[in-house]
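Try each one before reading its solution.

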Amino acid sequence: MRALLVVNPKATTTSVRTRDVLTHALASDLKLEVATTEYRGHARDLARRAADEGQVELVIALGGDGTVNEIVNGLLHEGPDPDRLPGVAVVPGGSTNVFARALGMPNDVVEATGALLDAIAERRSRTIGLGLATGTPDTADAEVPGRWFTFCAGFGFDAGVVGRVEQQRERGKRSTHALYIRQALRQFAGEPHRRRGTITLSQPGHEPVHELAMSIVCNASPWTYLGNRPVYAAPQASFDTALDVLGLTSMSTAAVTRYGAQLLLSSPERGPRGKHAVTRHDLTDFTLESQAPLPFQMDGDHLGLRSSVTFTGVRRALRVIV
């Protein structure tokens, strides 16, 4: 099998030695080309070239969720075609690795490499759904290009936390779970729309839901991890369905304390619930629109401020080796 290994040299939990061992192991079973990313968006460009040239059957990501997201967007730049496009495999090298772990991959590089080689030898794969976020017609964000996400998007509070973490990383801080928690507390302290939200959820054929203070869109479950603890914002979310949404109509101190505790204690059977929690399951088309511009993130990548985002849940979008 012809394969392209895309290596992010800045991945949090990988070293040069680890990359060398991994490359040697994969090259024993694959006709392997190795490419190291050199700039933001480079993984997307490499994957797009692989899709256009049609010479590669598999693209392997060695990196975190951001590297995976770039590869997926490069492969799907002309739309999903899982029967024609190269498959995707992941060897987790980031700090959290939500996508790889949601697929059932080990979070250890060596163990994940072994599992991947077994999957290749046994030709194991599955076709999963993805989320697509685009600009909303007739709004200020109408011309924003569409972008795919693998496991989650956030509009509002959690995207603000992601933006704060990215700022800290640019200053040389390591991406740790403690860093995320500190930035979440700072984001909450400065959140201007805690008591009355500005987000409206609109879905064709349904009454809109107004005044959401926070909104999370999930394509998979868990939503994220705190160390080894999975966190389930939308327990029913799945790679085999469309998109799930969790919204909160209040972010008062009492509400955040309650729902934060529910998230920490969440399970595959039980997520956040209560009078301020709005949940939706298996949505194929909907829009989140805010009266004031809010932070927006996809797969843990902060994308700036948006006033409106239209989401589409696309089933059977990507073939993955697992």
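**Exercise 1.** Which residues does phenylalanine 99 touch, not counting residues up to four places away in sequence?

*Solution.* A word on the source first: this is a predicted model, where local features need pLDDT of at least 70 and side-chain atom pairs count only at pLDDT 80 or more, while totals for chains, interfaces and linings use all residues. Residues are numbered from 1 along each chain as its sequence is written, and side-chain values use heavy atoms, with hydrogens and water left out.

Step 1: take contact as heavy atoms within 4.5 Å.
Step 2: list the partners of phenylalanine 99, which are Asp65, Val68, Val90, Ile128, Thr150, Phe151, Phe239 and Val320.

**Exercise 2.** Where does threonine 198 lie, and is threonine 198 buried or exposed?

*Solution.* Step 1: find the loop between helix 7 and strand 8 (199-202); threonine 198 sits there. Helices (H or I, at least four residues) and strands (E, at least two) are DSSP runs, numbered from the N terminus.
Step 1: check the relative accessible area of threonine 198, which is 8%. Buried means under 20%, exposed over 50% and partly exposed in between (1.4 Å probe, protein chains only), so threonine 198 is buried.
Step 2: beyond its neighbours within four places in sequence, threonine 198 has contacts that include His193, Leu212 and Glu289.

**Exercise 3.** Which residues have the most contacts inside the largest nonpolar core?

*Solution.* Step 1: a nonpolar core is a set of buried Ala, Val, Leu, Ile, Met, Phe, Trp, Tyr and Cys residues joined through side-chain atoms within 4.5 Å.
Step 1: in the largest one, with 78 residues, they are Ile60, Ile71, Phe99 and Leu116.
Step 2: helix 5 (residues 109-121) supplies the largest share of this core, 6 residues.
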